[in-house]
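Biologist: Hi, could you walk me through this model? I'd like to go through it bit by bit.

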Amino acid sequence: MINSVLITAYYPPISYFSVISNYKEVYIELFENYQRQTIRNRCYILSANNVKFLSVPIVKSNNKLIS
């Protein structure tokens with residue numbers, strides 16, 4: 001496989017890294033529309049007792065583009 005385009009992600013799932021390893025060239029989209037409640041600012045991690053939910057706070061803006 002030659003190339004792929006990925007969205008931005010905060011601590012992405014394994015499938016994200018699988019795409020990176022399977023393609024010769026990978027591009028990260030620089031100017032995409034921000035969607036709430038996605039892997040762009042949220043993730044789950046495994047802790048000693050259970051699964052923990054992590055989220056990066058986002059400052060509200062009229063601009064919906066990620067740059």
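Biologist: Let's start with Ser21: is it buried or exposed?
Modeller: This is a predicted model, and in it Ser21 is exposed, because its relative accessible area is 57% and the cut-off for exposed is over 50%.

Biologist: Which element does Ser21 lie in?
Modeller: Ser21 is part of helix 1.

Biologist: And what lies 3.0 Å from a polar atom of its side chain?
Modeller: That would be the backbone oxygen of Ser18.

Biologist: OK, zooming out. How many helices and strands does the protein have?
Modeller: There is 1 helix, along with 4 strands. Going along the sequence, the pattern reads β-α-β-β-β.

Biologist: What do strand 1, helix 1 and strand 2 make?
Modeller: Together they make a β-α-β unit, and it is right-handed. Helix 1 covers residues 14-22.

Biologist: In which sense do strand 1 and strand 2 pair?
Modeller: They pair in the parallel sense, with 4 bridges between strand 1 and strand 2, the latter being residues 25-28.

Biologist: Which residues sit across from each other there?
Modeller: Ser4 has Val26 of strand 2 as its bridge partner, and Leu6 stands opposite Ile28 in that strand.

Biologist: Tell me about Ser4, then. Is it buried or exposed?
Modeller: Ser4 counts as buried, because its relative accessibility is 13% and buried means under 20%. Its place is in strand 1, which spans residues 3-6.

Biologist: What is Ser4 in contact with, leaving aside its neighbours within four places in sequence?
Modeller: Its contacts are Val19, Tyr23, Glu25, Val26 and Tyr27.

Biologist: Which residues of strand 1 are on the covered face, and which on the uncovered one?
Modeller: Ser4 and Leu6 make up the covered face, while Asn3 and Val5 make up the uncovered one.

Biologist: Let's move to the other pair of strands. How do strand 3 and strand 4 run?
Modeller: They run antiparallel, and 5 bridges join them. Strand 3 is residues 42-46 and strand 4 is residues 51-55.

Biologist: What joins strand 3 to strand 4?
Modeller: A hairpin does, through 4 residues.

Biologist: And which residue in strand 4 is the bridge partner of Cys43?
Modeller: Leu54 is the bridge partner of Cys43.

Biologist: I like aromatics. How many aromatic pairs does the structure hold?
Modeller: It holds 2 aromatic pairs. In one of them, the ring centres of Tyr16 and Phe17 are 6.1 Å apart and the planes are at 75°, so this pair is edge-to-face.

Biologist: Are those two residues buried or exposed?
Modeller: Tyr16 is buried, at a relative accessible area of 11%. Phe17 is partly exposed, at 46%.

Biologist: And what about Tyr44 and Phe53?
Modeller: They form a tilted aromatic pair, with 5.2 Å from centre to centre and 55° between the planes.

Biologist: Why do you need both a distance and an angle?
Modeller: Because a pair of aromatic rings is described by the distance of the centres and the angle of the planes.

Biologist: Now the whole protein. What percentage of the residues are buried?
Modeller: Of the 67 residues in the protein, 13% are buried.

Biologist: One more: what share of the contacts with a separation of 6 or more comes from residues 24 or more positions apart?
Modeller: Such residues account for 40% of those contacts.

Conventions. Residues numbered from 1 in each chain as written. Predicted model: local features only at pLDDT ≥ 70, side-chain atom pairs only at ≥ 80, totals over all residues. Heavy atoms only, no water. Helix = DSSP H or I, 4+ residues; strand = E, 2+ residues; numbered from the N terminus. Buried < 20%, exposed > 50% of the residue type's maximum accessible area, 1.4 Å probe, protein only. Contact = heavy atoms within 4.5 Å. Phe/Tyr/Trp six-rings, centres within 6.5 Å; stacked < 30°, edge-to-face > 60°. Pairing = 2+ DSSP bridges. Right-handed = clockwise from strand over helix to strand, strands pointing away. Polar contact = N/O pair within 3.5 Å; in protein donor to acceptor, adjacent residues only side chain to side chain.
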